[in-house]
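Me: I'm new to this structure and would like to look around it with you. Could we take it one question at a time?

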Amino acid sequence: MFCSYCGSKLDDKASFCPNCGAKIERTEQSQTAETPSPAANNQELSDKSKLAAGLLGILLGGLGIHNFYLGFTGKGVAQLLLSLLSFGLLSWISGIWGLIEGIMILVDSNPKDAKGKKLRD
């Protein structure tokens with residue numbers, strides 16, 4: 001049996017997908033399916049790019065631009081305010097934060113946006 005959201009192989013007794021955390025809906029079709037459907041995999045692909053998000057994090061991470069791009073507005077606002085309200089004195093903290101997040105996005109094998117959809121390569 002496979003997850004209808006991310007296409008991961010599931011244990012027959014699983015209630016939640018170990019990969020994406022989605023609740024498993026038991027249907028006659030899902031219990032007899034041997035391979036994940038291509039529609040299920042395409043359904044969960046984001047329209048956002050992994051490369052764009054990583055580069056935004058590395059180059060403009062101090063302003064939180066990559067987080068706004070991915071839909072994580074709370075983190076983006078926190079990084080932006082940290083830089084702006086300190087008049088740039090603490091912008092190095094946001095810069096390092098953004099640099100690390102940008103690198104993590106690029107090296108992660110399964111990065112996701114705020115909606116939980118996998119980023120395109």
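This is a predicted model: local features need pLDDT of at least 70, side-chain atom pairs count only at pLDDT 80 or more; totals for chains, interfaces and linings use all residues.

Me: How far does α5 reach from its first C-alpha to its last?
Reply: Helix α5 has 13 residues. At 1.5 Å a residue, 18 Å would be expected. The model comes close to that, with a reach of 17 Å.

Me: Are G76, Q79 and S83 of α5 buried or exposed?
Reply: An α-helix has 3.6 residues a turn, so residues three or four places apart point the same way. On the other side of α5 from these three, G74 and L85 are exposed. What covers the three includes α4 (65–70) and α6 (91–107). G76, Q79 and S83 are buried.

Me: What arc around the axis do those buried residues of α5 cover?
Reply: The residues in question are G76, Q79 and S83, which are buried in α5. They sit on the same side of α5, because the arc they cover around the axis is only 70°.

Me: Let's move to strand β1. Which side chain makes a polar contact with the side chain of S46?
Reply: S46 belongs to strand β1, residues 45–49. It counts as buried because its relative accessibility is 0%. Its side chain reaches the backbone nitrogen of K48 at 3.0 Å. The side-chain partner, at 2.8 Å, is D113.

Definitions and conventions. Residues are numbered from 1 along each chain as its sequence is written. Side-chain values use heavy atoms; hydrogens and water are left out. Helices (H or I, at least four residues) and strands (E, at least two) are DSSP runs, numbered from the N terminus. Buried means under 20% relative accessible area, exposed over 50%, partly exposed in between (1.4 Å probe, protein chains only). A polar contact is a pair of N or O atoms within 3.5 Å; within protein, one must be able to donate a hydrogen and the other to accept it, and residues adjacent in sequence count only if both atoms are side-chain atoms. The expected span of a helix is 1.5 Å times one less than its number of residues. The arc is that of the directions from the helix axis to the C-beta atoms. Contact means heavy atoms within 4.5 Å.
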